[in-house]
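I opened the notebook to record what I looked up in this structure, going from single side chains to the fold as a whole. The entries follow below the display.

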Amino acid sequence: MNRPETPEGWQVWDLILRLGGQVRLMSGMGGAAFIGWDMAAALALGRALHVDPALIAEMLPAVEQAAMRKLNENRG
């Protein structure tokens, strides 16, 4: 259902899978919460992988939002 359908989509999916260690956290009274990926690191990694920066800018924020929501649901 959510599989990439184009070579470019697969490139961005591969980039997303490599961003595991590039998560930004915010700590507060209720503990830490995932707030997003380090986009500078994502763009640098994408550049190294020859992924079009416009694709990253277009696709990554939507995936980031869903991923952070799921990570925060599962952290407790």
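**Salt bridges**

I began with Lys70, which is partly exposed because its relative accessible area is 48%; here buried means under 20% relative accessible area, exposed over 50%, and partly exposed in between, with a 1.4 Å probe and protein chains only. Before going further I noted that this is a predicted model, in which local features need pLDDT of at least 70 and side-chain atom pairs count only at pLDDT 80 or more, while totals for chains, interfaces and linings use all residues. I also noted that residues are numbered from 1 along each chain as its sequence is written, and that side-chain values use heavy atoms, with hydrogens and water left out.

I then looked for the partner of Lys70 and found its side chain in a salt bridge with that of Glu73, at 3.6 Å from N to O; the term stands for a side-chain nitrogen of Lys or Arg within 4 Å of a carboxyl oxygen of Asp or Glu. Both residues lie in helix 3, 3 residues apart, which is about one turn of the helix. The count by this rule is 2 salt bridges, and the side chains of Arg18 and Asp14 form one of them, at 3.0 Å from N to O. Arg18 counts as partly exposed because its relative accessibility is 46%, and Asp14 is likewise partly exposed because its relative accessible area is 30%.

**Largest pocket**

Which residues line the largest pocket? I listed Asn2, Pro4, Gly9, Val12, Trp13, Ile16, Met59 and Val63. A pocket here is an open set of points on a 1 Å grid over the protein atoms alone, where a 1.4 Å probe fits, with protein on both sides within 12 Å along at least five of seven lines, and lining residues have an atom within 4 Å of a point. The space in the largest pocket is about 250 Å³, a volume being the space filled by probe spheres set on grid points joined across faces, edges and corners. Helix 1 gives the largest share of the lining, 4 residues, and helix 1 and helix 3 (53-74) each supply at least two. By class the lining holds 6 nonpolar residues, 2 polar and no charged.

**Surface patch**

I next turned to a nonpolar surface patch of about 330 Å², made by Trp10, Trp13 and Leu17. Such patches take residues with over 30% relative accessible area and no salt bridge, nonpolar side chains being joined within 5 Å, and the areas come from the Shrake-Rupley method with a 1.4 Å probe. Trp10 sits in helix 1 (residues 7-17) and counts as partly exposed because its relative accessibility is 38%.

**Fold and separations**

For the chain as a whole I recorded 3 helices and 2 strands, in the order α-β-β-α-α along the sequence; helices (H or I, at least four residues) and strands (E, at least two) are DSSP runs, numbered from the N terminus. The C-alpha trace spans about 40 × 30 × 15 Å along its principal axes, and buried residues make up 21% of the 76 residues.

Ser27, in strand 1 (residues 23-28), is exposed because its relative accessible area is 66%. From Ser27 to Ala40 I noted 13 residues in sequence and 21 Å in space, C-alpha to C-alpha. Glu8, found in helix 1, is 14 residues from Gln22 in sequence and 21 Å from Gln22 in space, C-alpha to C-alpha.

Terms used: Patches are made of residues with over 30% relative accessible area and no salt bridge: like charges are joined within 9 Å, nonpolar side chains (Val, Leu, Ile, Met, Phe, Trp, Tyr) within 5 Å. Ala, Val, Leu, Ile, Met, Phe, Trp, Tyr, Cys and Pro count as nonpolar, Asp, Glu, Lys and Arg as charged, and the others, Gly among them, as polar.
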